[in-house]
Amino acid sequence: MKSLKVITQIAASAMLLFAAAQPALAAQDPTGSKQTTYPGISSDALEKFGGEAGVHNWVEALFYYIMLDNRINKIFIEHGNVARQIALNTQLEQMVLGGAVQYEGASMSAAHADLGITLTQFNAVVEAAYNACERVNTPYSVCNQLIAALAPFERSIVTR
Amino acid sequence: MKGLIGVNRYLPSCAALLALSAALFSAGAWADLYNDGKVLATGGVSMTDGAGGGGITPWATITGYGTRDGINGDVHYTYVNLPNYALNSIGGAVGLWDRVELSYTNDVLTTGSTFNTVGLLTDTLGLPTGIAPWNTTIKMDVFGAKVRVFGEAIYDSDNLIPQVAVGGFYKINHNRALLKTLQASKSKDWEAYIAATKIFFPINTLVNVTLRYTAANETGLTGFGGPKGNKREIRPEVSLAYLLNKGTAIGVEYQKHGGNLEGQSVDLNGVVVPGDLLGSLTQHESDWYDAFIAFFPSKNLSITMAYAMLGNITLTPNQSGYYISLQASF
């Protein structure tokens, strides 16, 4: 019976933690500023990415890998203009890394609301993101600053 | 004849399995169920009890590469070579919709020369101690289940809430006579755990903390409970992994062990031998540590190499040695 009590206590603490977590689970959208992460994104991340030109190169590489990935390229072909997505992503990625750049596109949830994106498809883009870092010779540890900044968008992009 | 009877016993379950697979394939359902959509390395590896995690600690991650969109599984083989022991662990696990994990593993521990002094004596006297001189082996079946409760280890980098899972193992140790000799209370027992895992991308680091509620001696390989304690207790375990690149991680682990058999000697068919009578016959158990490197060349294969520092195990001190684990995912 004592073990049952311990399990109940563990379950109760888990539920409490879950309840405390609720407000943080709201949909994530670009807020017009650097993404808040724990721990924070390193202050020289944008510089190490090569500034605007470096980020632009990375986004070009990202879309190169996305458009070659038969799991996800159809979504990008059917919904929207790739050149425009490259321009908007260059803004967004600079902004979340702490650059003084305003993202002019739609919110993440609005832009993806009707697409029925799965987590499997989202992860395919994450894989493309890592491939893109390797393509433009951005070190893995620098790449992870951007991964940290973009990861919370999963909550507004994945709807299935 | 015995072999035939054995085969017959398994036939119904084989037929059921075949029928199930046929149903899955014919409906084309398997294509919809199968999923390998997790990012490389994020399924973790297989720990020695068979669950998804690090080398010795179960994590809150669900094993395999299945996301919430489907199922995925893996098989593993782990070999640990210590001065007095060798552990062979072989098993399989399945992850269901990144929510539930079911696992089975079979641990076979050969004990080298550890029990030879006791074995030779008791063999001469004809005592049933579970010790065969030169060839004492401990076999254990481990059944595991894990449920992911809440939290995102990977995506929620904007909060500190870890991914949390609860799980349990049911372990059946088959060398009951040896466990009796070592004075363990039980040969079968369950353990429960709660695990919290979080990846901190800005510092390329994964942190896992697990609390295991258990009465195990050497994870159950030398049974459960003993003269110094029979009750389950909460023992912490920690894994730290640093991600070197998208397919390589290095790290360290710690696992708290108990002292149920601490300072005890051996019980030879009812006679407890004074610990110093036949040289060193006193048992000790140390906490476990390991340092590892894990390679993920593809989503179908991981290779983990480690140096395990397990300290005192039963009668023998300084049990440190190499660990290698292969995991194939499908």
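## Salt bridges, chain contact and local features

B:Lys186 counts as partly exposed, at 37% relative accessibility, on a scale where buried means under 20% relative accessible area, exposed means over 50%, and partly exposed lies in between (1.4 Å probe, protein chains only). B:Asp189, with which B:Lys186 forms a salt bridge, is instead buried, with a relative accessible area of 3%.

The model is predicted, with local features requiring pLDDT of at least 70 and side-chain atom pairs counting only at pLDDT 80 or more, while totals for chains, interfaces and linings use all residues. Residues are numbered from 1 along each chain as its sequence is written, chains are lettered from A and ligands numbered from 1 in the order in which they are written, and side-chain values use heavy atoms, leaving out hydrogens and water.

### Salt bridges

A salt bridge here is a side-chain nitrogen of Lys or Arg within 4 Å of a carboxyl oxygen of Asp or Glu, and by this rule 21 salt bridges are counted over all chains.

| Pair | N to O distance |
|---|---|
| A:Arg155 and B:Asp156 | 2.7 Å |
| A:Asp44 and A:Lys48 | 3.6 Å |
| B:Lys186 and B:Asp189 | 3.5 Å |
| B:Arg212 and B:Glu237 | 2.6 Å |

B:Arg212 belongs to strand β9 (residues 205-214) of chain B and B:Glu237 to strand β10 of chain B, so this pair ties together parts that are 25 residues apart in sequence; helices (H or I, at least four residues) and strands (E, at least two) are DSSP runs, numbered from the N terminus. B:Arg212 is buried at a relative accessible area of 2%, and B:Glu237 is also counted as buried, at 1% relative accessibility. Elsewhere, salt bridges that share partners link A:Glu154, B:Lys38, B:Arg68, B:Asp98, B:Arg148 and B:Glu152 into one network. In the pair within chain A, A:Asp44 is partly exposed at 27% relative accessibility, whereas A:Lys48 is exposed at 52%.

### Where the chains meet

Contact, meaning heavy atoms within 4.5 Å, involves 32 residues from chain B and 41 residues from chain A. The area buried between the chains is about 3,200 Å², of which carbon and sulfur atoms give 63%; buried area is the accessible area (1.4 Å probe) that two parts lose on being put together, summed over both. Between chain B and chain A there are five salt bridges, together with 15 residue pairs in polar contact, both residues being at pLDDT 80 or more. On the side of chain B that touches chain A, β8 (188-200) and β10 (233-245) each supply at least two residues, and β10(B) gives the most, with four residues. That side of chain B divides into 17 nonpolar, seven polar and eight charged residues, where Ala, Val, Leu, Ile, Met, Phe, Trp, Tyr, Cys and Pro count as nonpolar, Asp, Glu, Lys and Arg as charged, and the others, Gly among them, as polar.

### A buried helix in chain A

Helix α8 (residues 140-150) of chain A has ten of its eleven residues buried, so it is largely enclosed by the rest of the structure. The buried residues include A:Tyr140, A:Cys143, A:Gln145 and A:Leu150. Their cover includes α2 (45-48), α3 (51-68), α5 (82-96), α7 (119-135) and α9 (154-157) of chain A, together with β10 of chain B.

Within α5 of chain A, A:Gln85 is buried with a relative accessible area of 17%. Apart from neighbours within four places in sequence, A:Gln85 is in contact with A:Phe63, A:Phe76, A:His79 and A:Gly80. The side chain of A:Gln85 reaches the backbone oxygen of A:His79 at 3.3 Å; a polar contact is a pair of N or O atoms within 3.5 Å, in which, within protein, one must be able to donate a hydrogen and the other to accept it, and residues adjacent in sequence count only if both atoms are side-chain atoms.

### Backbone features

A cis peptide bond, with omega of about -10°, joins A:Tyr38 and A:Pro39, and A:Pro39 is placed in the loop between α1 (2-21) and α2 of chain A. A:Asn137 has a positive phi of about 60° although it is not a glycine; this residue is in the loop between α7 and α8 of chain A and is exposed, at 67% relative accessibility. B:Thr314, in strand β17 (residues 313-314) of chain B, likewise has a positive phi, near 45°, in a residue other than glycine, but B:Thr314 is buried, with a relative accessible area of 4%.
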